[in-house]
Amino acid sequence: MKTLFRPAPLALIIAAALSASCANAALSDSTAAQSATKASVVEHYADLAHAGYEDALITARALDKATDRLIANPTEANMKAAKEAWLAARVPYQQTEAFRFGNAIVDDWEGQLNAWPLDEGLIDYVEADDYQYELGNAGATANIIDSKNINIGGETLDVQNLTPELLAGLNEIGGSEANVATGYHAVEFLLWGQDLHGFELGNGDRPVSDYATGADCTNGHCDRRGDYMDAVTDLLVSDLKWMVAQWAPGASDNYRSQLMNADAGEGVQKMLFGMGTLSLGELAGQRMKVALEANSYEDEHDCFSDNTHNSHYYNGLGIQNVYTGNYRRINGDLVSGPSLSDLVEQSNPELNARLSSQLSASMKALSALKAMAESSQNPMPFDMMIAPGNAKGASIVNRAIMALVEQTGSIEQATRQLGLETLSPDEAGDSF
Amino acid sequence: MKQLTISVCLASTLAAAPLMAADANNPEAQPADYRAQWHSDILTGYQNLEARSQTLAAQAETYCKTPSSEGFEQTQRAWRDAFLAWQRVRFVNFGPVKRGNLDWQFQFWPDSKNLVARKAKFLLKGNTAITPETITESGVAVQGFPMAEYLLYDQDFNKSDKALPAEHACQLLIRVTDHIANNGETVANAWGDFQKNYVENDQYTDLTIRAAMAGIELLEERRLAQPMGLRGTGKRSVYSADAWRSGASLIAADATIQGLQQQFMPAFSRLLKDHEQADLARRIAEQLDEAHAKFPELDRPMGPLLTNDEEFRAMQSLYVHVSQANVLLSDQAAAALGIVRGFNSTDGD
């Protein structure tokens with residue numbers, strides 16, 4: 001389990017309350033703003049989470065089918081389709097990360113789906129010369145696909161039958177958080193392979209023949225690689241199914257019912273805590289600043305596929321969704337309802353206007369990062385932006401970091417405005 | 001511009017906090033007095049860092065000019081002195097040390113992917129000369145104490161033909177220690193210039209206390225509990241500690257404790273007493289004293305202590321005092337003084 005950890009060695013301390021030069025209060029004519037209550041906002045938050053996880057599940061099922069087709073018939077076209085399905089699955093999932101911090105049920109569960117960085121040598125072959133794993137990780141080169149038994153730190157494990165249960169049990173084996181056997185990034189590695197391009201353009205280029213049968217099989221054990229892929233995508237689907245059920249309306253024994261029965265203030269606190277933590281510590285800090293300041297593509301989030309820009313972009317969008325109460329589903333439907341924005345508007349329209357515009361500014365900065373990475377002329381993915389001496393790339397990343405830092409200051413203020421503490425709701429001595 | 005510190009306006013929302021006003025019970029004590037003392041105590045710490053870093057840079061140069069095993073050991077000692085000087089002021093996480101991310105430059109940590117070794121190998125691979133610009137452009141994993149530590153202490157590296165005093169390794173050591181020395185000078189000067197701003201702005205009282213809270217929590221959770229297997233996955237691993245290559249993880253913890261004792265507590269104890277919290281001040285000081293009293297006995301590499309339960313207990317006792325000090329400071333004192341905790345950069349996982 002990943003424990004929440006608060007204070008700040010790297011100190012992007014926010015003491016911000018920019019009192020001067022504030023935007024004028026937005027004109028709010030919506031009746032929603034007047035009628036929103038903490039309870040209705042929390043209920044709609046659960047709706048947002050439910051819709052988000054449902055979309056994550058739908059796209060994970062599509063990924064599961066696409067990888068099944070790839071395993072059955074390993075062609076370039078099926079490889080491409082599987083990669084596209086993976087990219088599509090990331091769109092809703094990354095938005096749900098705004099629900100992670102604050103809701104312990106999500107945070108305790110998500111490691112099996114989205115843990116990173118991973119020591120991929122646990123799973124499959126890697127280039128020995130260009131593989132840097134976590135120091136002291138006895139499982140870093142175990143290569144499950146190549147083995148019937150693996151030995152990690154003196155413990156021998158039978159890995160002959162690659163089932164979802166077996167893989168789930170291998171996470172963090174040997175006490176190392178980098179031993180990630182499951183989740184999106186394991187699938188990503190099985191599709192793309194190691195990115196050996198460093199700061200140069202290009203992502204992992206695993207040949208489709210890694211899934212071929214008989215003499216065509218490259219890099220050995222193609223059948224086991226297929227079994228692994230099959231098991232790990234099945235597990236992803238069943239994990240997401242479980243989380244969808246936790247947020248589903250109409251049940252009396254799921255997380256949603258607990259949330260709705262608790263004090264609505266606690267729910268609102270969870271919303272803001274999730275926004276602030278993802279915004280500052282996780283996205284601006286761990287996922288962007290560390291990679292940038294250390295020029296470290298090892299600290300890149302989607303390092304095999306070079307899809308990091310989208311992971312960051314949809315994280316940002318997830319934060320904005322929680323505040324505005326709006327979520328654009330993968331089928332194009334808009335989910336909307338009573339929001340935090342409405343609540344803040346009731347007591348401090350100026351703050352609401354400021355935070356809303358800061359959230360938009362962050363999305364603008366993240367859009368610029370995404371556009372640069374996806375440029376058809378001269379693409380610069382995230383691992384190139386963070387290269388030593390790339391001033392242009394650094395400035396794009398820094399602008400996104402700064403925007404996220406600024407909005408976090410206002411999220412903090414909004415928390416106080418609503419009479420709440422910014423502490424982790426799970427550590428604030430609350431009952432649940 | 002690698003600058004993350006955001007400009008801090010005088011926050012109207014904080015104006016009502018109890019720390020902002022002179023205490024009713026002690027109208028003589030002005031909040032600016034505490035800050036004047038903090039400023040001066042922290043300045044002493046930065047000046048020490050500056051001096052020790054300069055000694056390190058000079059020693060590296062001397063050693064590389066006329067290498068000897070004695071000179072190598074002297075350089076290791078100079079590294080350690082400068083690194084410990086940094087540990088004493090490491091808790092200060094605002095102000096000049098944030099400009100250009102000097103704090104990350106002094107010490108990039110944690111480094112779970114062993115980026116320092118990777119960058120060193122990369123820089124020492126060819127025969128390209130290592131210039132000051134190489135260091136400036138190579139990112140924080142190259143620019144500070146961990147890189148110099150790698151060159152001076154890494155066992156595998158020291159067995160290789162690239163090891164010190166090989167020309168290229170010497171070049172890297174000299175450039176890195178120069179970079180540290182320059183940063184030491186920059187931060188000491190900038191902290192001096194920061195005096196008026198710091199003393200006159202009420203918000204820095206809160207920021208200074210929050211910095212100490214964050215510093216001691218980092219020490220407890222990440223620098224001790226994590227390698228000791230008391231948090232996270234529960235695995236004991238010296239690689240999660242800082243300065244494991246030099247075996248200085250524990251003495252560095254002591255240096256941070258001393259830094260809090262010498263550069264934070266004097267003004268803070270006074271502030272607590274003025275807020276009728278003399279007992280709390282005494283108890284915090286006591287826990288820090290108890291933790292410090294474990295040294296020099298505990299001045300040993302952490303690795304062997306993790307594998308021997310008997311020896312592990314000595315470390316556990318240090319941990320207990322640090323964690324007590326953390327509770328007293330971060331919970332009790334913060335509550336008594338109305339200090340509100342905000343989001344922090346290490347939130348998340």
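Predicted model: local features only at pLDDT ≥ 70, side-chain atom pairs only at ≥ 80, totals over all residues.
Which helices of chain A do the buried residues of α4(A) pack against?

Chain A contains 14 helices and 4 strands. Its radius of gyration is 22 Å, close to the 22 Å that the globule rule gives for 432 residues, so chain A is as compact as a globular protein of that length. The C-alpha trace spans about 70 × 55 × 40 Å along its principal axes. Of the 432 residues in chain A, 57% are buried. Among contacts in chain A with a separation of 6 or more, 73% are between residues 24 or more positions apart.

Helix α4 of chain A covers residues 104-114, and its buried residues are Val106(A), Asp107(A), Glu110(A), Leu113(A) and Asn114(A). They lie on the same side of α4(A) because they cover an arc of only 115 degrees around the axis. An α-helix has 3.6 residues a turn, so residues three or four places apart point the same way. The partners of these buried residues are α6 (184-192) and α7 (222-247) of chain A.

Chain B is described here by its domains. Domain 1 of chain B takes in residues 30-201, and domain 2 takes in 202-343. Their C-alpha centres lie 23 Å apart. Where the domains meet, 27 residues of domain 1 of chain B are in contact with 31 residues of domain 2 of chain B. On the domain 1 side, α1 (31-65), α2 (69-89) and α6 (145-153) of chain B each supply at least two residues. The most come from α1(B), which gives 8 residues. By type, the residues on this side of domain 1 of chain B divide into 15 nonpolar, 5 polar and 7 charged.

Key:
Residues numbered from 1 in each chain as written. Chains lettered and ligands numbered in written order. Domains from an automatic or database assignment. Contact = placed C-beta atoms within 7 Å. Nonpolar A, V, L, I, M, F, W, Y, C, P; charged D, E, K, R; others polar. Buried ≥ 20, exposed ≤ 12 C-beta atoms within 10 Å, placed from the backbone. Arc of directions from axis to C-beta. Rg over C-alpha atoms; globule rule 2.2 N^0.38 Å.
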